[in-house]
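Have a look at it before reading on.

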Amino acid sequence: MTTVLDGIVAGVREDLAERQRLLPQAAVEEAVRSAPPPLDAEAVLRRPGLSLIAEVKRSSPSKGALSDIVDPAALAASYVDGGASAISVLTEERRFGGTLADLDAVRAAVGVPVLRKDFVVTDYQVWEARAHGADLVLLIVAALDDAALAALLGRVRELGMTALVEVHDEAETQRALDAGASVIGINARNLKTLEVHPDTFSRLRPLVPAGLVTVAESGVGGPDDAASYAAQGADAVLVGESLVRTGDPRGAAAAIVAAGAPGGAR
């Protein structure tokens, strides 16, 4: 049976083939060699308190259009003003309305780590992420076999970036650990069905060894959810929908950061 994730990845591969036709990998690698070095995103996420990875996200397969983001750079700057530790930029176009141009704009506007959030399935996309200024790359375990996961994780590290390795269940968590992931994203949304299971983080967090970074993804509607994840041991939360829909992105980001601060509103 074809899943939602299968459909998304098929579209990603089609768009990727066109980008590779227009810009061969050798040219992308050359751009990387002349790019500024990446920021140490993992070190940032290890800081005390709950880090906020705030997302630039126009739409999603589950909710449709979320926000008409005319100026992604201004939105990202507002997040940082509110205390966000990193910015996530959706670059998948068909389902999420993002582009690599958004990544370029955000990279130029903020001094914090930037995550390329996409469905990365090839080496080209990792080089591409670095060429456009990404410090973190999302690797979704459900979209990769073990060999591809290990190879892509190795490439991300070779280029000095941090891999946010996303899992949805116990088997995927073990695969991420076996591959050597040091930053684990626990996504409450099942990408194969788009259903959200709020207990996913509490179920999977105990499987992640001490010393690794855990990021709670999906289902963060505001400060109360952030505080709950912090209490369960999350090092960071990745928040998109609730931030892009608010009329006050700076204030909304600040409220989430405050709720997850040591001794904060828990």
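Q: In which loop is Gly82 found?
A: Keep in mind that this is a predicted model. Helix α4 covers 72-81 and strand β4 covers 86-90. Gly82 is found in the loop between α4 and β4.

Q: Is Gly82 buried or exposed?
A: The cut-off for buried is under 20% relative accessible area. Gly82 has a relative accessibility of 8%, so Gly82 counts as buried.

Q: Which residues does Gly82 touch, leaving out those up to four places away in sequence?
A: Sequence neighbours up to four places away don't count here. With those set aside, the residues that Gly82 touches are Arg250, Ala253, Ala254 and Val257.

Q: How many salt bridges does a search of the whole structure find?
A: One of them joins the side chains of Arg107 and Asp135, and another pairs Glu128 with Arg116. Searching the whole structure gives a total of 15.

Q: How far apart in sequence are the parts that Arg107 and Asp135 tie together?
A: The two side chains meet in a salt bridge at 2.5 Å, N to O. Arg107 sits in helix α5 (residues 100-109), while Asp135 is in the loop between α6 (123-131) and β6 (136-140), so the pair ties together parts whose separation in sequence is 28 residues.

Q: Is Arg175 buried, partly exposed or exposed?
A: Arg175 in helix α8 (residues 170-179) pairs with Asp146 in helix α7 (residues 146-158), and their side chains meet in a salt bridge at 2.6 Å, N to O. Buried needs under 20% and exposed over 50%. At 23% relative accessibility, Arg175 counts as partly exposed.

Q: Which helix gives the most to the lining of the second largest pocket?
A: This pocket holds about 190 Å³ of space and is lined by 13 residues. Asp15, Arg19, Thr91, Glu92 and Glu93 lie nearest its centre. The lining divides into two nonpolar, four polar and seven charged residues. The top contributor, with four residues, is helix α1.

Definitions and conventions: Residues are numbered from 1 along each chain as its sequence is written. This is a predicted model: local features need pLDDT of at least 70, side-chain atom pairs count only at pLDDT 80 or more; totals for chains, interfaces and linings use all residues. Side-chain values use heavy atoms; hydrogens and water are left out. On a 1 Å grid over the protein atoms alone, a cavity is a set of points where a 1.4 Å probe fits but cannot get out, and a pocket is an open set with protein on both sides within 12 Å along at least five of seven lines; lining residues have an atom within 4 Å of a point. Grid points are joined across faces, edges and corners, and a volume is the space filled by probe spheres set on the points. Helices (H or I, at least four residues) and strands (E, at least two) are DSSP runs, numbered from the N terminus. Ala, Val, Leu, Ile, Met, Phe, Trp, Tyr, Cys and Pro count as nonpolar, Asp, Glu, Lys and Arg as charged, and the others, Gly among them, as polar. Buried means under 20% relative accessible area, exposed over 50%, partly exposed in between (1.4 Å probe, protein chains only). Contact means heavy atoms within 4.5 Å. A salt bridge is a side-chain nitrogen of Lys or Arg within 4 Å of a carboxyl oxygen of Asp or Glu.
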